[in-house]
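Student: Could you show me how to read a few features of a model, giving the general idea and then the case at hand?

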Amino acid sequence: MIENYIKAGKIVKEVRNLALKEITNGMKVLDLVNLIEGEIINRGAFPAFPCNISINDVTAHYTSPPKDESIIDGGDLVKIDLGAHVEGFIADSAVSVSVEGESDSSENKNHYNTQFQEELIETANEALNTAISTIRAGVEVGKIGEEVEKTIHLQELKPVANLTGHSMDQWILHSGISIPNIKENNPHKLEEGDVLAIEPFVTDGVGLVSDMKDVYIYRFLRNRPLRMVQARKLLETIKTEYKILPFAQRWLEGDEKTAKSNMAMRQLISSRAVYPYHVLRENSGARVAQAEHTVIVEPEGCLVITE
Ligand code: MN
Ligand code: MN
């Protein structure tokens, strides 16, 4: 078990560093997610969820739809959130980058400067390090959020209050414990062996996110009676291929790309057989930076498997 976590963590670290080297002004988001997911597979693991590339005020849950034409622009604040699993044991990590180079958009030219974005990113990294240094068996979950919030407030910035880290288990990305990014009265105590993804988000906006209408990531929820043959087939494919881990609409391309399969997916969502992860955006349209590592709780600290 621990060997699988270590292997997944090492792969995530390598691919994250590769992505940081490869990301450039003018690159297609689709090329970046394909590179990241492909390199995870080349190294002997599988993506634990579709690689999220969330840009500027888009905070989480964006992955390329099929044939995505969107482009990474100079001046963008890009969050790269990737996960790998080895036999279902998951490592989850994210990094933020302010993309170098000339911009095409007036928003990037006029409203944001690179130096300020670097501060957002630096603060997210600091908050993550502070959280990690707090973690050991017996620590209350609420205490971690308090330390994260304190670190971010010191820079006169805000954590995103309604996004949290999470515990993980084999094949389960969110296994029950939430790790807040704000002070909370949660007396639940961490235990040795808990596997946690710690992920502060930092912004100069209001510090809340909401669902957009867009959905590109889904996961299996439950078996339901389904009228449409196509929907029943699609649900079987999803269960076999991804179990209860998140998957991308993009991954189903190839065998399932007709209008019928879109209808099948809509039926799976409306019958609550499949859960849709809506893209999340910062409520005031402000930019957000994120940093994330996966740790395993130990009696006197924790083992960071993704660094
Ligand atoms: Mn993540
Ligand atoms: Mn996570």
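Student: In which strand does Leu 196 lie?

Tutor: This is a predicted model, where local features need pLDDT of at least 70, side-chain atom pairs count only at pLDDT 80 or more, and totals for chains, interfaces and linings use all residues. Residues are numbered from 1 along each chain as its sequence is written, chains are lettered from A and ligands numbered from 1 in the order in which they are written, and side-chain values use heavy atoms, with hydrogens and water left out. Leu 196 lies in strand 9 (residues 195-198), strands being DSSP runs (E, at least two residues), numbered from the N terminus, as are helices (H or I, at least four).

Student: Is Leu 196 buried or exposed?

Tutor: Buried means under 20% relative accessible area, exposed over 50%, and partly exposed in between (1.4 Å probe, protein chains only); Leu 196 counts as buried because its relative accessibility is 0%. Beyond its neighbours within four places in sequence, Leu 196 is in contact with residues including Ile 179, Leu 190 and Val 295, contact meaning heavy atoms within 4.5 Å.

Student: What does Asp 92 bridge?

Tutor: Asp 92 bridges the manganese ion (ligand 1) and the manganese ion (ligand 2), which lie 3.1 Å apart.

Terms used: Donors = N, O, S within 2.8 Å, 3.2 Å for Na, K, Ca; no water.
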